[in-house]
There are 2 protein chains.
Amino acid sequence: MTVPKAQPASAATQGFLEQLTRYGDQARKVLLDKMPTGEPQAYLYGPMRDYIETSGKGLRPALLLATCEAFGGKAEDAEIAAAVIELLHNAFLVHDDIEDLSDFRRGRECMHKRLGVPLAINIGDGMQSLALSLLRQNLGPLGPMTGARVVDEFDHLLKESIEGQALELGWIKDNRLDLSPSDYLTMCLKKTCWYSFIHPMRIGALIARPDDVASGALNLDDFNAFGFFLGAAFQIQDDVLNLVGSQGKYGKEIGGDIYEGKRTLMLGRLGAQADRQEQSRLSEFLEKPRTARSEQEVEWVLARMNHYSCIEYAQAAANDLLAAARREFDVVFANTNAAPRAFLGQFMDYLVARQV
Amino acid sequence: MTVPKAQPASAATQGFLEQLTRYGDQARKVLLDKMPTGEPQAYLYGPMRDYIETSGKGLRPALLLATCEAFGGKAEDAEIAAAVIELLHNAFLVHDDIEDLSDFRRGRECMHKRLGVPLAINIGDGMQSLALSLLRQNLGPLGPMTGARVVDEFDHLLKESIEGQALELGWIKDNRLDLSPSDYLTMCLKKTCWYSFIHPMRIGALIARPDDVASGALNLDDFNAFGFFLGAAFQIQDDVLNLVGSQGKYGKEIGGDIYEGKRTLMLGRLGAQADRQEQSRLSEFLEKPRTARSEQEVEWVLARMNHYSCIEYAQAAANDLLAAARREFDVVFANTNAAPRAFLGQFMDYLVARQV
């Protein structure tokens, strides 16, 4: 995947970005309308509202709503589910940033740096609980069968995401350096792909065509491979940006993943390619607590990654995954509505072409 | 409330303790049977299972199951709900111990001390998510109406508990010393009483008599005052034990609440009674990060609490609440089944007579 140079947005791109914003705003509006107005505002609902107001582009709601429209549904029918997925994403971010000892998110200090770890853990819990509560309260129009199926999707989404997070954190804790690309992809599937890609599409299609899903005419598992390929390409690109990006555009600290010891595809590749002396130096570095890791050491890791072409290796893997995603997309979204399908095609390009 | 000396258990007490254990084991067995057997065991389900196996007496499941039986229901019909409430309790404890910087729980190191904060946060998330998933999967026998009402109870339980926790943590963060007994009781209602007392009874009665609840013949709100009085008496007693207990029996560190700056009734009383010099010394102490608080300072706080009879004050409040609880109990549980009602009467005595 070659990262393109910044270019003026074409008319098509401009239209895509406007539609992306509309979808994201639709979900955000639901969340802000449903946010509890009672106490405690200062310690719970105020920071939650602020976090939603300053949230990202709404990739997950956009994917969900566009899939719903592609399969002939109305975005209004899916906007609660889209809002819930966005709220869960924010809940994960609040806890992830504590777990990863991150400092910055969306161009400002992470919630736990601003409000302290105790309140931030509790606010993340509150987001998770509110998400599921909103979901249940608002499934009425879908009917009990479809409503229950939507909640099943969210159940699975939570299970996979938490299991994936456990793998990532556990590998760091045990200082695992023996992880294969397949281990990485398994973790990536669980941690990222299900909640960010596969389930948004499954839920969008389910809400659009509940009867076809019930009869078996539409099999939601058809989205799984596409969502995995696209999600893994996205996650690898995100990991690459963390190494070679600039903080202003990326919004998080650069090289943070190396400080955190994250088991990325690049780190796995370095572990496999490095000579014995480098391996033991790498292992010693990763054995230290994050706060004891120096900038020089992080630069050494990055230099070794460059020496062994680990970033090119990861980009090649992302390219392969993206090519596989494009093939799957053409099959899974064949014969769906043209405008949302075109949006989703641009969505793929957008995800993997994010600027360094 | 006078804390009684240790005595040999009478036959009645022995019977009560055996029944308490049976109820607790019934809920624990459900949880252990339903615990996922897949991966990741080492980083997620293994520690979760271990935490459940070494969990406390199961006060909440016992209250739920006994109330169900008192109102003519079968404990089997309520055992999933009892298990879910126990799992949520454990989820809260894992996160609370991180938020409070606690070191010990149930006579051993807290989960985050053994496995690290990142895995512990994620395991708590996993418990919360698994709890709600178990609940949904197992409401079938109750029918859709009652099943949905049970989930509504859990929705409210989570909302109140998280709001109460936000208050407690926020007051510590902002170093609030202007809190009244009414502020304390509001926090206590939200943080403790709903999930530990009121909802277990409401859910037990709802499962026993769904038709009476639907028709209005049984009003679940009748449990609210009783649960509040009993829960507040329990929480105050717990806070007192934290100050005057011995670690071996109590299972947590003694005086930990002072190190944590918890806004207990005793601390509020001290803030209100202390002279200006003491107030400013207290405020300075509470302004420091926990790790900077010395044993001498904690002892000074405790000595000032003794000087102003803050512990006696709290015990008197707990006694008043307990007397109110007893009066409510006689009304709310009038004409219910004798054996579970007798158990619940002993349950009240047991809660507030816990040994120092």
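Which residue forms a salt bridge with A:Asp33, and how far apart are the closest N and O atoms? I found A:Lys29, with the closest N and O atoms 2.9 Å apart. For a salt bridge I took a side-chain nitrogen of Lys or Arg within 4 Å of a carboxyl oxygen of Asp or Glu. A:Asp33 and A:Lys29 are separated by about one helical turn, because they sit four residues apart in helix α1 (residues 11-34) of chain A. Helices (H or I, at least four residues) and strands (E, at least two) are DSSP runs, numbered from the N terminus.

**Ground rules.** I'm working with a predicted model, where local features need pLDDT of at least 70, side-chain atom pairs count only at pLDDT 80 or more, and totals for chains, interfaces and linings use all residues. Residues are numbered from 1 along each chain as its sequence is written, chains are lettered from A and ligands numbered from 1 in the order in which they are written, and side-chain values use heavy atoms, leaving out hydrogens and water.

**Salt bridges and the interface.** I searched the whole structure and got 50 salt bridges over all chains. Between chain B and chain A the count is four. I also looked up A:Asp152 and B:Arg136, whose side chains form a salt bridge at 3.0 Å, N to O.

Next I checked contacts (heavy atoms within 4.5 Å): 37 residues of chain B touch 37 residues of chain A. The two chains bury about 3300 Å² between them, with 61% of it on carbon and sulfur atoms. Buried area here is the accessible area (1.4 Å probe) that two parts lose on being put together, summed over both. B:Tyr43, B:Arg136 and B:Ile162 supply 19% of what chain B buries against chain A, more than any other three residues.

**Helix pairs.** I looked at α7 (residues 144-173) and α8 (residues 181-208) of chain B, which pack at about 165° with axes 8 Å apart. Axes are lines fitted to C-alpha atoms, for helices over the stretch in contact, and angles run from 0 to 180 degrees between N-to-C directions. So α7(B) is roughly antiparallel to α8(B); the cut-offs are under 35 degrees for roughly parallel, over 145 for roughly antiparallel, 65 to 115 for roughly perpendicular, and oblique for the rest. I noted 12 nonpolar, six polar and nine charged residues in this contact. Ala, Val, Leu, Ile, Met, Phe, Trp, Tyr, Cys and Pro count as nonpolar, Asp, Glu, Lys and Arg as charged, and the others, Gly among them, as polar.

Among the residues in contact are A:Phe226 and A:Phe234 of α10(A) and A:Met348 of α17(A).

Most residues other than glycine have a negative phi, and most peptide bonds are trans. I looked for exceptions. A cis peptide bond joins A:Glu39 and A:Pro40, with omega about -10°, and A:Pro40 is in the loop between α1 and α2 (41-53) of chain A. In chain B, the bond from B:Glu39 to B:Pro40 is cis, with omega near -5°. My last entry is B:Leu101, not a glycine, with a positive phi of about 55°. B:Leu101 lies in the loop between α4 (75-99) and β1 (104-105) of chain B.
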